[in-house]
Amino acid sequence: VQEVAAASTPTPSVDVSTLEEVVLMPRLSDTMTEGVIASWQKNVGDIVKKGDVIAEIETDKATMELESYKNGTLLFQGAKVGEKIQVNDLLCIIGEEGFDVASTVAALKNNGSASTDTIAATQEEPKIIETVTQAASAQPVVVNEGRIFASPLAKKIAAEKGIDLKYVAGSGDNGRIVKEDVDNFVPSVGKVTEIVAAPIVPSTPVVASTPVASAPVTKTSTPPTTVYGVESYDEVPVSQMRKVIARRLSESLFTAPHFFLTMSIDMDAAIAARTKINETAKSKISFNDLVLKATAIALKQHPKINSSWLGDKIRTNYHVNIGVAVAVEDGLLVPVVRFADTKSLSQINAEVKDYAQKAKDKKLQPSDWEGSTFTISNLGMYGIDQFTAIINPPDACILAVGGISQEPVVKNGQVVAGNIMKLTLSCDHRVVDGATGAAFLQTVKSLLEEPVRMLV
C-alpha cells in the first residue's frame, strides 16, 4: 500500500491537464451533472486495454458502460461502488507501474476536484460498531402470556380494530381486559437495536494496490407487519434519473407558460382499420402506433407545433423526431423515433418496442433519447381517460393520449355507443398560439377518424 503525503507536506506541482493517465468523469448525456458508480469492471492492479469496459456508470437516464481509450494498468479508482462523482472530477488513473499516483491525486484535490475526499480503501477496511435504534420497526411489548381473560365486548372491539389482546393490559378483576382497555389501547413499544458495521475514514488517506471494497449500500427495509398504533415508513435515496426529472420538469412548468387543448376522437374507424391490418401484420400494430403516425403527418402540415424555444430565437423544425415517453422503474425515459413521418406503421411499431425494452434494461444510449422535436405521452393502457402532460424542453408541445372508452354519441340523428379517445395538447404559449394548436389537433383527428388518409 502506497501512502499519500500528509497535508503538512508540500504538494509537488503537477500539471494534471497534460497527464494522459488521468480519466475524468465524462458527460454521458446532455443533462448529466454527476454519475454514480454502478460497478467497477476492472480493479486496481488489473491490466486495461483500449476498448475494455472499466466501469458501469448510472446517469440520469441509463446505466452505461464506460470503455477505456488507453492501455495500461488501473492504478486508482476515484470512488467506490454506489458513490457519486461530479462530471469532470477524477474517475480513475490508468498508467504504467511506478506512476506517481499520490502526487497526482493530491494535485487534483488542490485544484478543486470534489471526488477525492475519500481517496481509496485497503482490501479489508477497519470498522467500528455503531448501534442504531429503530423504533419504527419495533414490536409492542407483550403483557399477557398464555390464556387471555377478556370480556366478550372487548374481544369483539379488538377483532374489529385488529388489536392483538396479548399486548393489552387489563384493568378489570384479576387483570381481565374490558372495553375501556381496548378503546384506550396505545402500544408500549420496546427499543430494538441493530448492530451496523460502518467504515472508519482514515485520517491519512491511502491508495490501495488491492481491489477497492464496495461501499455500504443504504438498506431498504421490507414493509413491516401492520401493528395497530405503530407508525412506520421507508426512505430511499433519490436516483439520478428522478433528480433530473424533478429539475427539468419544474423548470418547464414554471418557466414555459403552458396552455392545454383537449379534443375527442371517434376511434370506430381506427379500431376497424387496426383489426384489418393485424390480420396480416407480422407484429400487432397498437393504437399508440396509429397515434404516432397521425401525429407525425400532422406535424409536417403544422411546423409551428414542431418548434423549439431557444431563448432569443424560435427554431422551426422541418424534420419530425417524436419522443415517446416510456415508464421505467426509476422514472421516465423518452427515446426518439426519428423521421417518423417517413416510416410505416410496422417500422414505428418495431422501433417503439425495441426502445421500450432497451429502456427497461437500461441499455439506451444518448443518441436514442436526444434530438426530439415533439413528444407523446400515452397513459391509455392504464385506464386513464384524459390527462395533461408537462412539456419536455426544448420542445414547444407534448401530446397526452388517453384510453378508448365507450360513450354515447350522436350519429345520423341517433344516440349510439361510440369509441372515444381524448387527446390533450400542452403548448408553450411563447411559441404556439391557441388557433395553431387547435388546427393541429383537427388534422390529427381527421387522420385517426379516416385512417386511410395516412396512406396517401
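Trainee: Which residues form a nonpolar patch on the surface, and about how much accessible area do they have together?

Mentor: A patch is made of residues with over 30% relative accessible area and no salt bridge, where like charges are joined within 9 Å and nonpolar side chains (Val, Leu, Ile, Met, Phe, Trp, Tyr) within 5 Å. In this predicted model, Met381, Tyr382 and Ile384 form such a nonpolar patch, with about 340 Å² of accessible area together. Accessible areas come from the Shrake-Rupley method with a 1.4 Å probe, and for residues only the protein chains shown count as cover.

Trainee: Before we go on, how should I read the numbering and the values?

Mentor: Residues are numbered from 1 along each chain as its sequence is written, and side-chain values use heavy atoms, with hydrogens and water left out. As this is a predicted model, local features need pLDDT of at least 70 and side-chain atom pairs count only at pLDDT 80 or more, while totals for chains, interfaces and linings use all residues.

Trainee: Where is tyrosine 382 placed, and is tyrosine 382 buried or exposed?

Mentor: Helices (H or I, at least four residues) and strands (E, at least two) are DSSP runs, numbered from the N terminus. Tyrosine 382 lies in the loop between strand E20 (374-378) and strand E21 (397-411). For accessibility, buried means under 20% relative accessible area, exposed over 50%, and partly exposed in between (1.4 Å probe, protein chains only). Tyrosine 382 counts as exposed because its relative accessible area is 59%.

Trainee: What does the protein look like as a whole?

Mentor: The secondary structure comes to 9 helices and 22 strands, and buried residues make up 43% of the 456 residues. The accessible surface comes to about 24,400 Å², of which 52% belongs to carbon and sulfur atoms. A contact means heavy atoms within 4.5 Å, and among contacts between residues at least 6 apart in sequence, 67% join residues at least 24 apart.

Trainee: How many residues does the largest nonpolar core have, and which of them have the most contacts inside it?

Mentor: A nonpolar core is a set of buried Ala, Val, Leu, Ile, Met, Phe, Trp, Tyr and Cys residues joined through side-chain atoms within 4.5 Å. The largest one here has 41 residues, and those with the most contacts inside it are Leu292, Phe374, Leu399, Leu423, Phe440 and Leu448. Among the elements that give two or more residues to this core are helix H6 (287-301), helix H7 (345-360), strand E22 (414-428) and helix H9 (434-449). The largest share of this core, 8 residues, comes from H6. A second, separate core of 30 residues includes Leu91, Ile94, Met241 and Trp369.

Trainee: How many aromatic pairs does the structure hold?

Mentor: Rings of Phe, Tyr and Trp (its six-membered ring) pair if their centres lie within 6.5 Å; planes under 30 degrees apart count as stacked, over 60 as edge-to-face and the rest as tilted. The structure holds 1 aromatic pair. Phenylalanine 374 and phenylalanine 440 form this tilted pair, with 5.7 Å centre to centre and 55 degrees between the planes. The pair links distant parts of the chain, with phenylalanine 374 in strand E20 and phenylalanine 440 in helix H9, 66 residues apart. Phenylalanine 374 is buried, with a relative accessible area of 0%, and phenylalanine 440 is buried, also at 0%.

Trainee: How many salt bridges does the structure hold?

Mentor: Side chains of opposite charge can pair when their charged atoms come close. A salt bridge is a side-chain nitrogen of Lys or Arg within 4 Å of a carboxyl oxygen of Asp or Glu, and the structure holds 10 salt bridges. One of them joins aspartate 52 and lysine 42 (3.7 Å, N to O). Aspartate 52 counts as partly exposed because its relative accessibility is 22%, whereas lysine 42, at 18%, counts as buried.

Trainee: Where do glutamate 251 and arginine 247 lie?

Mentor: Both lie in helix H4 (residues 240-255), 4 residues apart, about one turn of the helix. Glutamate 251 forms a salt bridge with arginine 247, the closest N and O atoms being 3.9 Å apart. Another salt bridge joins arginine 430 and aspartate 428, with the closest N and O atoms 2.8 Å apart. Arginine 430 is partly exposed at 30%, while aspartate 428 is buried at 2%.
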